[in-house]
Amino acid sequence: VTRVAALAALLVAVVAVWVGTAGRAPTAEQRADAIAGRLRCPACQGSSVADSASPMARDIRARILAEVRAGRSDPEITDDFVRVYGDWVLLSPPWRGIGLVPWLATLAAAAAAVAVWVRTVRRWRRAGPPPSQERE
Amino acid sequence: MSRARVATVALLLAAVLGVLVVAVLRPVATPAARGSAPAVTLPRLIGAGTYDLGTLRGRPALVNFWASWCADCRAEFAALRAARDQFRDQGLVVVGVAVQDTADGARAFADESGADWPLLFDEGSRAALAYGVTAVPQTFFVAADGRIDAVHAGPIGPDALTDGLDRLVGGAP
């Protein structure tokens, strides 16, 4: 009974937090942080604009925040950087053009791994139990 | 599974992995190199007033992004001066843009280097982000029609400057 009560309390707490935050629009700072987290810092070694402490990343964060406050949408702001730097500036490759390659390659690699695993399991089943078990 | 099949699967996986690595680690693209030089107005580093990079149209130009903390920029300034003198008759304009720097540091650097071309101060990296700067120093070769003809990231030497400017003005001086 204690466990059930504890689980119920946890569930109520999770639902309360979800209800409390789901309908709330993100602040300008939260939106700017999210956009910065999706962009690669152009003058850094592979870190995002949000994570980098470089002066250029700081300037980009300030620009993003100013544009969010000016009423521009997230895609509009991101597209400006893509226009200048190309898709390279996006930390996650886009689902178009050459950006599809890493996604498709990952899916193909996963599919190949699953296929090899299925074939191996089937082969094991067809072969029956190992000789040591047969002797028992 | 036969050895041949294992080898085939391994080869396929290696090919997929190779494509993945190439796609993810492809070098920095600089699409600005195929576009027009952005018209950004910046304050002059020395003296009052502003300079509109949009006014570069009509003459070949070098737009050089630099910073006082950049050791390579010092040597590069000498090469820029030589190139400016060499291509003066072709109307070459050299513009320096101090970026990711303090105004005082950039001014001190400019005084020491003796640069006598327009030097601008890019507070907030406005011009750098419009041009697509990825490193300091970085030099943009701008054709007379305003098109960015080439981009050189990192320190540029006399040979690369001469080659780029030969292409820009359509023949050796």
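Is L90(A) buried or exposed? In this predicted model, in which local features need pLDDT of at least 70, side-chain atom pairs count only at pLDDT 80 or more, and totals for chains, interfaces and linings use all residues, side-chain values use heavy atoms, with hydrogens and water left out. Residues are numbered from 1 along each chain as its sequence is written, while chains are lettered from A and ligands numbered from 1 in the order in which they are written.

L90(A) counts as buried because its relative accessibility is 14%, where buried means under 20% relative accessible area, exposed over 50%, and partly exposed in between (1.4 Å probe, protein chains only). L90(A) is located in the loop between α4 (74–85) and α5 (100–127) of chain A; helices (H or I, at least four residues) and strands (E, at least two) are DSSP runs numbered from the N terminus. When neighbours within four places in sequence are left aside, L90(A) is in contact (heavy atoms within 4.5 Å) with R38(A), L39(A), R40(A), T78(A) and V82(A). Of L39(A) and L90(A), the C-alpha atoms lie 4.9 Å apart in space, although the two are 51 residues apart in sequence.

In chain B, five strands form an open sheet of mixed pairing, in the order β5-β4-β3-β6-β7; two strands pair if DSSP finds at least two bridges between them. From one strand to the next, the twist averages 20°, with axes taken as lines fitted to C-alpha atoms, for helices over the stretch in contact, and angles running from 0 to 180 degrees between N-to-C directions. Strands β3 (residues 61–66) and β4 (residues 93–99) of chain B pair in the parallel sense over six bridges, and W66(B) has A98(B) in β4(B) as its bridge partner. Helix α2 (residues 71–86) of chain B packs on the sheet, where it touches β3, β4 and β6 (138–142) of chain B, and its direction makes about 170° with that of β3(B).

The pairing of β6(B) with β7(B) is antiparallel and extends over five bridges, with T139(B) opposite H152(B) in β7(B). These two strands, β6(B) and β7(B), form a hairpin with five residues between them, and G146(B) in the turn has a positive phi of about 90°.

Further backbone features occur in the loops of chain B. The peptide bond joining V136(B) and P137(B) is cis, with omega about 0°; P137(B) is found in the loop between α4 (126–131) and β6 of chain B. Q100(B), which is not a glycine, has a positive phi of about 50° and lies in the loop between β4 and α3 (103–113) of chain B. Q100(B) counts as buried at 16% relative accessibility. S125(B), also not a glycine, has a positive phi of about 55° in the loop between β5 and α4 of chain B, and counts as buried at 0% relative accessibility.

On a 1 Å grid over the protein atoms alone, a cavity is a set of points where a 1.4 Å probe fits but cannot get out, and lining residues have an atom within 4 Å of a point. The largest cavity holds about 30 Å³ of space, and its lining consists of A37(B), L53(B), G54(B), L56(B), R57(B), V142(B) and G146(B).

Note on methods
On a 1 Å grid over the protein atoms alone, a cavity is a set of points where a 1.4 Å probe fits but cannot get out, and a pocket is an open set with protein on both sides within 12 Å along at least five of seven lines; lining residues have an atom within 4 Å of a point. Grid points are joined across faces, edges and corners, and a volume is the space filled by probe spheres set on the points.
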